[in-house]
Amino acid sequence: MDRQLFHGMLKDMLLARSFEERAAQEYSAGNIAGFLHLYPGEEAVAVGVIHAADQSDYIVSTYREHVHAMVRGVPPRAVMAELFGKLDGCSKGMGGSMHLFDRERRFMGGYAIVGETYPVAIGLGYAIAMQRLPEAVICFFGDGAVNQGTFHESLNMAALWKLPVLFVCENNHYQIGTEIHRHSAVSDVYQRACGYDIPAHKVNGMDVLEVHAKTGEALQRIREGTGPQLLEMETYRFRGHSVSDPGSYRPRVEVDAFRQRDPIKQAEREAQSLYPDAQQLSAVGADHIQLFSAHLQQQDLINEQEIVKLQQQVDSIVEDAVQFAQQSPQPDMQQAWDALNCNRADEVLI
Ligand SMILES: Cc1ncc(C[n+]2csc(CCOP(=O)(O)OP(=O)(O)O)c2C)c(N)n1
Ligand SMILES: [Mg+2]
């Protein structure tokens, strides 16, 4: 894996964690209203998947989508301002946390309704297929969304028409407080795809490198025209379902066990094991240092100081986003009215 990609993914994971933890604080401070569903613990999924996609691929996500939007390139300022309900938000402050949207960057939402992402993805996939473009749609959904009718209808259509859609299940094992084995007769989500003859795999969603690799392979097959694919990303959310949920239905020991598998820590460990620090190098001996230095220069990846620097960078990006959101104006009623009627230019309103 090349250095730029590795740094980019680690930085995005650090940014995701920092942004979401800060959003929780801003919610408590009363600067964010409504629902707020946060992503800590699941970063490797959005980051690995979206980094493996092309900019021309479309992303459709759920209400837990701040990180997906940022990884796709929506500026953290525009995301934070949207959470604050301000005019400079990516949906002009009228969508809020669950309705981020950026058409230019092909980030097609942000949907609050469970199971709503599939039909949107199918529509986009159909448009791509009709135009025979080399593009794909990535459709995110939770484990709790696989019992919606839209899941089955959409998988059937996608397979029947060989649509270029990658279905990505973020299986964090819970639908609010209900564990997957209590809401699904078949709790290995990937197995359900065989009912529609869609190739599907289970992926360790705590490992950004695995997520990235498996997504790349799936997208490659989609671009070859073989039709849809499904990936089940096994992951875990460290916080409650939303900020108003203390998550007390989950045993402490379970939460702690998954925290041990923190995807960011894992990515850092992988980076550091590839690139030993000065102490480890000196233990190896001078010749090895030379050899290793040459190797490191060739590979030119990362060290501990660089990780610290990345952390400082993302913290200042988040601070800047909060300042920006605070200063951004509130939308007024006329702007809300214009937005409501944006598709009705030719209609006569009574
Ligand atoms: C059609 C519909 N039914 C119920 C809800 C209420 N609801 C919001 S989130 C959620 C749980 C979804 O869980 P999952 O798909 O696993 O996603 P996660 O929150 O774990 O990311 C439910 C039932 C909704 N938003 N839409
Ligand atoms: Mg879930």
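1. A word on conventions: residues count from 1 along each chain as its sequence is written, and chains are lettered from A, with ligands numbered from 1, in the order in which they are written. The model is predicted, so local features need pLDDT of at least 70 and side-chain atom pairs count only at pLDDT 80 or more, while totals for chains, interfaces and linings use all residues.

2. Do look at strand E4, residues 165-171, where seven of seven residues are buried (20 or more other C-beta atoms within 10 Å of the residue's own, with C-beta atoms placed from the backbone; strands are DSSP runs of at least two residues and helices, H or I, of at least four, numbered from the N terminus). Val-165, Phe-167, Cys-169 and Asn-171 cover one side, and Leu-166, Val-168 and Glu-170 the other.

3. E4 pairs in parallel with E8 (residues 229-234) over six bridges (pairing takes at least two DSSP bridges). Val-168 has Leu-231 as its bridge partner in E8.

4. With helix H6 (residues 149-160), E3 and E4 form a right-handed β-α-β unit (clockwise from the first strand over the helix to the second, with the strands pointing away from the viewer).

5. Helix H9 (residues 208-223) buries several residues, including Val-211, His-212, Lys-214 and Leu-219. Just after H9, Gly-225 adopts a positive phi of about 90°.

Technical notes: A residue is buried if 20 or more other C-beta atoms lie within 10 Å of its own, exposed if 12 or fewer, and partly exposed in between; C-beta atoms are placed from the backbone.
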